[in-house]
Amino acid sequence: MTKMLASVNSVEEALVVLQENVDIIDLKQPALGALGALDIALVKAIVATINNRCPVSATIGDLPMQAQLIFNAVQTMAETGVEYIKIGFFPDNNWQTIIDKLSGLTQNNLALIAVLFADGQPDLSVIHALKNAGFTGVMLDTMDKKNGSLSQVMSKNTLQHFVHLAKNQQLLCGLAGSLTLQDIPDLLIYQPDYLGFRGALCEQHNRTSQLNRQSTKLIKQALARC
Ligand SMILES: O=C[C@H](O)COP(=O)(O)O
C-alpha cells in the first residue's frame, strides 16, 4: 500500500501530522526552496519530540552539486538521529562524483534518499548508480513549484518507468511535487512506496503557509481508501 510522507517545518506541525498518522514525517523549510533545510537544532528538537513514534526524514537544502559540500551536510544531518536524509540531485553532470563520495556514508547504515527533479529532465540511469552506492531510496519532486504538479511536468510513461526502475533496484520509491488530492488516484496506479505532500496540506494550498490538520486528514483518508 502506498504510504504518505508529510513535510513539516516546526514541532507543532510535526505533532499534527503525527496525530494524523502519516507514515513519514519529512523535515523541510519550504521558504528556503524545493528542499530547504531546517536548522539542525530544530531537527534535533523535532526528532526528540517524535521520539521514534514515526520515521523522520530531513532535507539538507538546495545545495550546489559539490561533493564535499553535500558530504558535510549529510554528515551533520546524520547526527540529528533522523531515519532518512533526502539529498537533492539538481540538474548537473556531476552526480556520479557525488554518489561515489556518499557511498562511504551509506556503509555506516545511513539511509540516504536521492531526490530527482522531474522538471529538470533527470537522467534515470542514476538510479542504478544509487543502488550500487548503497542508497535506500529515490524520489521524484519538482524544483519550480510554479510549474504545476508532478503529473503536469512529467509524462505518465516516464513516471511509470521511474517507479519500475526504482523497484527493480529494490529502492524505496517516492513521488512528490505539488501533489494534490486529485493527483492521488492516477499516481497510485504506479504503486510507488509513498507519495509526498506539502502544498496540499497547507492553508490556501500554499506550501509556505501553515499546515492544516483537516487538509492533512483528507489526503491521508484518500490514500487509505485506495
Ligand atoms: O517530499 C515532499 C515535498 O515536500 C512536497 O512538497 P510540495 O507539495 O510543496 O511540492
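## The largest cavity

Start inside the protein: 17 residues line the largest cavity, and Lys28, Asp141, Gly196, Phe197 and Arg198 are the ones nearest its centre. Keep in mind that you're looking at a predicted model. The space in this largest cavity comes to about 120 Å³. If you count cavities of 30 Å³ or more, you get 1.

As for the kinds of residue, the lining of the largest cavity splits into 7 charged, 5 polar and 5 nonpolar.

Now move to helix H7, which covers residues 156–168 and includes Phe162. Is Phe162 buried or exposed? Its relative accessibility is 0%, so Phe162 counts as buried, the cut-off for that label being under 20%.

What does Phe162 touch, leaving aside residues up to four places away in sequence? The list runs through Leu116, Leu124 and Ile127, then Val138, Met139 and Leu140, and ends with Cys173, Gly174 and Leu175. Take Val138, one of these contacts: 24 residues separate Val138 from Phe162 in sequence, and their C-alpha atoms are 9.4 Å apart in space.

## Where H1 meets H2

Next, have a look at a pair of helices. Helix H1 (residues 11–19) and helix H2 (residues 40–50) have axes that come within 10 Å and cross at roughly 30°. The crossing of H1 and H2 is right-handed.

Which residues make the contact? On the H1 side they are Val11, Ala14, Leu15 and Leu18, while H2 brings Leu42, Ala45, Ile46, Thr49 and Ile50. Sorted by type, the contact of H1 with H2 has 8 nonpolar residues, 1 polar and no charged.

## Ser149 in its loop

Last stop: Ser149. Where does Ser149 sit? You'll find Ser149 in the loop between E6 and helix H6 (150–153).

Not counting residues up to four places away in sequence, Ser149 touches Gly177, Ser178 and Asp183.

Definitions and conventions. Residues numbered from 1 in each chain as written. Predicted model: local features only at pLDDT ≥ 70, side-chain atom pairs only at ≥ 80, totals over all residues. Heavy atoms only, no water. 1 Å grid on protein atoms, 1.4 Å probe; cavity = no way out; pocket = protein on both sides within 12 Å on 5 of 7 lines; lining within 4 Å. Points joined across faces, edges and corners; volume = space filled by probe spheres on them. Nonpolar A, V, L, I, M, F, W, Y, C, P; charged D, E, K, R; others polar. Helix = DSSP H or I, 4+ residues; strand = E, 2+ residues; numbered from the N terminus. Buried < 20%, exposed > 50% of the residue type's maximum accessible area, 1.4 Å probe, protein only. Contact = heavy atoms within 4.5 Å. Axes fitted to C-alpha atoms, helices over the stretch in contact; angles between N-to-C directions. Left-handed = near helix turned anticlockwise from the far one by under 90°.
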